[in-house]
Every structure is written in C-alpha cells, then in structure tokens.
Amino acid sequence: MGSLQIMSKDACKSKGEQEECTGDGSVDFHGRPAIRQQTGKWGAGTIILLNQGLATLAFFGVGINLVLFLTRVLQQDNAEAANSVSKWTGTVYIFSLVGAFLSDSYWGRYKTCAIFQAIFVVGLVLLSLATQIFLLTPKGCGDETTPCKPHSSWVIGLFYVSIYMVALGNGGYQPNIATFGADQFDEEDSKESHSKVSFFSYFYLALNLGSLFSNTILGYFEDEGMWALGFWASTASAFLALVLFLGGTKQYRHFKPSGNPLSRISQVIVAASKKCRVHIPPGEEDSLYDEDQCVDKSNPGARKMLHTHGFKFLDRAAYLTTQDMEQLKQNEYNPWRLCPVSQVEEVKCIARLLPIWLCTIIYSVVFTQMASLFVEQGDAMNTKISNFRIPAASMSSFDIISVAFFIFLFRRVLDPLVRRVRGKGLTELQRMGIGLVIAIIAMISAGIVECYRLKYAQKDCKHCQGSSSLSIFWQVPQYALIGASEVFMYVGQLEFFNAQAPDGLKSFGSALCMTSISLGNYVSSLLVSIVMKISTVDNMPGWIPGNLNKGHLDRFYFLLAGLTAIDLVIYIACATWYKSMKLGEKGGENNKDQDYGV
C-alpha cells in the first residue's frame, strides 16, 4: 500500500462539483482523496461482512472439533489434547496483536488483511493435504470406533506447522477486518456515521452465522470421521473469502498507517521522566507544545487530539522549558525530550482505556463456559428426542440464534425507543454494563439448572452421559442469556474501542477485544484449578469432578455470578471515571468531545 499518499482535497474538487470527497481524510487505492459516491459505504461494507462470515466458517471448521481430531487421529489423551488446543487458541489471539501492530504501523489495514488471509488459506491447504494423504491411515479411521495408526515425527510436524499457520493467518487478519470495515463509513457525515455504528452489530452477526454453519454442518461431518471433507470445505470457504475481499479492492477507503506507536509512546514516557522535577504552574496549559508549532511527522493525517485534564505527569512531556525553547530556536527539536500535545494525549487515551479493558476479562471467563462446562453439563442431561441424540455442543446454536434476535431487537426496537424517551441512545459503556448484568443472570440460570439436574441424576453411574432425566433443553435460557449479553458487551466493546482508540491505533483497539477473550480462557483455567484444589481437601470429590453427579458445578456457576457482580461494581467506577478524548479536525480546532459516560 505504498501508493496510499494523503493528497489535498482540492484534487477532488477539480474533478467536478458533483464528486464530493469524504470528510475524514480517507483515500482510495491510488492515494487520491476518496470520492463519497464511488467508494466505501454499504457496498464495500457488505463485501467485508460476507468475507467475515466465510472466514469465520473456515476457522471454526478447524477449531470446533480440534480436540477430537487430536484424540482420535493423533492418539493424544484428553489432558494433552485439551492443553494443545488451549495453546493453539491462545496463540491465535497473541497473533492478533502482531497483526494490529503491523497494520497500524506499516502496512495499513487492506494490505495486512490480504497478506494474513493468504497465509490462512495456505495453512488450510497444508492441513487438508496432510490430513487426507498422511494422517487418516488406515483409510476410514478417525471416527469413534476406528483409531488411526501412529504417525512419524515429520508428519506430526507438518500438522502443527499447518494449524499454526491457520492461527497466524486468522489471528493477524481478525482485528484488522473489523476496523477496515468501519473505515468504509465517514464519521464526519451524519448518515454514514450512523451506518458505522450499525456495521459493528452486523459484523458480529456475520461472525456468529459463520460459526453456526461450522458448529452444525461441518461439526457433524467431522464428528463422523470425515475430517478431510470438513477441512477441504473450510479451505474452500477461506479461499472464497479471499477472492471476495480482493474483488472489492477498488471500492475500499483507506487510511495511511501512522508509524511505530511504540516509539511514540516511549518518547512521551521518556520525555515526561526527564522533566519529573519540572513544576507546571496552574493555568499554563497554553504553554504546552502544540502540533501547530511543529507538525507531528510520526503520525501524519491523524486528527488533532486536544489537551485533557488528568495524568498530569505526562503533560510534562509537552511542557516547554527554557532549554526546549532554545533548542527550537536553533532547529534542534528532540522528540525524546519534547512531544506535541496530541502525542501525549495518545498515551493518556491508552491509559484510560486499560481499566475498562481489564473489566471485560471476567465477562470473557463467563463467555468461555459455553465451550467447556456448559457442554459437560449438557452431556450429563437427557439428550434424546425419540431415537435421536442431540450433541451437547450443538446447544451453542441457541446462543447464535439469540445473538441474531437481540441484534435485531436492539437496532430496530430498543435503541429507537430509548432515543425517543431519553433524547439520545445508550452509550457503549452503558451497553457494556448491561451485558455484565445479563451475564450475572445467565450464571444464576445455569446454577439453578444444575441444581435440578443433580436432583434427577444417578449418583453412582460409571458412564454419566445422559445420567440425569432432566432435558437438555433446560439449558436454552442460559445459552440465550449469554447471546443477549454478547450483543451488549462484545458489540459495544468493538464500537467503544474503535471510537476511543487514537487514529494511529484503531486496529489495536479491535485487538483488545480478542485479547480479552484469550485472557478469559486463561483466567477460567486458573479459576477451575484453584477451585478444584480447595474443594478436594479431605478426599472430597470437588466441585467439578469427572463424575459431575458427585460434584457441585452449581456452586462454581454461582461463584462466577458473584465474581461478575464484583466486576460490575468495579466497572461502573471505572466507566464513571473515564473521560473520552477530545478531537479537533485534521488541521482545525473543532472540539469533538463526545458523550461516552455511564
């Protein structure tokens, strides 16, 4: 994307008065100011939504049954397989930070998305070939009854290279595609700004619809031992997503990458530390170094960030001392001693976002129970309808249906109603708080269902699958509530971090959402380990034993409800304290201090 260069808006005007440029400074593929009628909006946004749905289908086509593949095909035991999947999943989210860094710093979002999607496709091709040619031996192995033969070390190595290429490709692509989709809507235009907010809801819906197909159709084929078919279907979906993405190239709007953010952040911290003994007299904010005096070349094209109160220590980085003024007169500007206000505010913005982000991790702990304890709980319930057995993992379909329903309900009913009553809609922070409240109710619901499951369970079963007469459909409320909470928490989180991240760190804002889910997995594992260590004293079976009928999974659910309630109190305090950044125009002084309060 080296051709993307910021050009004057006069170039747009010279083509005719009917060709109106975007007001946010976006450009087309050739680096010319983006023409509103020819680029972006829902034309480009729809391509990106379809791309997201197909890519998600491909990714979960591998991830949904990876633990079964490791046990049935590679002959790993349950503990080793679970550990391998945890490492792989965590790596996906770590790579999201890599993708966000490269996008914001050097490559731009379009180039980053294209490169990592190509890596994703290559990884899936290798996985499909390795599975069909080398891993499924003898032919027909890999189902519940036919084990596969041991494999050589190089075949195992090829398998791990392929799945970690899948992790790299999906991880690097995922945070950028959400932000790139938001880039297609000009927030300086009232109509497009409203569409930009709606885009995040539809983006999350596309993600869930893609995973719904993987969880049901592909999951069924793979569970029956048709691994090669499932992986080739994922490969075809990923390839189609890449072709679709590249096909929309001329319709996209772009923003130029802003350079390495780590150096900008480090410069502020070092400059402030060097002036730690400098006292800034009250009311002398006008003495701070302004970008009007020296354009911030490290972040060209970004909107000017105006000074805000708080984190006074960092203001020292922009305070003009006598020594600084002497150096400026001699054209000896040192960015490690003096930083513009906008650069200082960028660091303040990140510092304000982190407490909000930390409060979302406990919610992610609740969210991850759908893929673990909810499934184990459902497997111990009555899963039969006549002669048909319902896979416990397929109950997550009710979560996806709930997401789709509540996105429609919120956008079409609740949001217009609230705007009519209050005169304005719910802020992102308020919606995230509502998501936490619903998550608490979901855990209480799961705990109550578990109490009744235990009441109708056989205590001394050897194989406890279906050992309770309570129907698995009693799990529907807890799945539906988790789905409703996602609409408020995760969609609100995507919108919030995208809106409040500095212009040079938009992809990083989306990556924060993914790392929250990753840390939620790790915290959940740690919490289970701590609970089991404490609850198994004096030869007790513990809260979550192998035989759930001898445990107290309900207590663990109620514990999560309590921890989430505590997290909600802390979140409300952090959200009340939070101050949004103040933005000016690119080169102007228009203050855009938006309402992001609780």
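A residue counts as buried when its relative accessible area is under 20%. Keep that cut-off in mind while you look around this predicted model.

**Aromatic pairs**

- A pair of aromatic rings is described by how far apart the centres lie and by the angle between the planes.
- With rings counted as paired if their centres lie within 6.5 Å, the model holds 35 aromatic pairs.
- One of them joins phenylalanine 59 and tryptophan 88: their ring centres are 5.4 Å apart and their planes stand at 15°, so this pair is stacked.
- Phenylalanine 59 sits in helix α2 (residues 41-63) and tryptophan 88 in helix α4 (residues 78-107), so the pair links distant parts of the chain, 29 residues apart.
- Both phenylalanine 59 and tryptophan 88 are buried.
- Another pair is made by tyrosine 110 and tyrosine 252, which is tilted because the planes meet at 50°, with the centres 6.0 Å apart.
- Tyrosine 110 belongs to helix α5 (residues 109-135), while tyrosine 252 is found in the loop between α8 (227-247) and α9 (261-274), so this pair ties together parts that are 142 residues apart in sequence.
- Tyrosine 110 has a relative accessibility of 9%, and therefore counts as buried.
- Tyrosine 252 is buried as well, with a relative accessible area of 0%.
- Ring pairs also link Trp42, Phe185, Phe199, Phe200, Tyr202 and Phe203 into a cluster.

**Glutamine 184**

- You can find glutamine 184 in the loop between α6 (153-183) and α7 (190-223).
- Its relative accessibility is 0%, so glutamine 184 counts as buried.
- A polar atom of the glutamine 184 side chain lies 2.9 Å from the backbone oxygen of phenylalanine 180.
- Leaving aside residues up to four places away in sequence, glutamine 184 touches Gly40, Lys41, Ala44, Ile48, Glu192, Gln251, Tyr252 and Arg253.
- Tyr252 in that list is the tyrosine whose ring pairs with tyrosine 110.

Note on methods: Residues are numbered from 1 along each chain as its sequence is written. This is a predicted model: local features need pLDDT of at least 70, side-chain atom pairs count only at pLDDT 80 or more; totals for chains, interfaces and linings use all residues. Side-chain values use heavy atoms; hydrogens and water are left out. Rings of Phe, Tyr and Trp (its six-membered ring) pair if their centres lie within 6.5 Å; planes under 30 degrees apart count as stacked, over 60 as edge-to-face and the rest as tilted. Helices (H or I, at least four residues) and strands (E, at least two) are DSSP runs, numbered from the N terminus. Buried means under 20% relative accessible area, exposed over 50%, partly exposed in between (1.4 Å probe, protein chains only). A polar contact is a pair of N or O atoms within 3.5 Å; within protein, one must be able to donate a hydrogen and the other to accept it, and residues adjacent in sequence count only if both atoms are side-chain atoms. Contact means heavy atoms within 4.5 Å.
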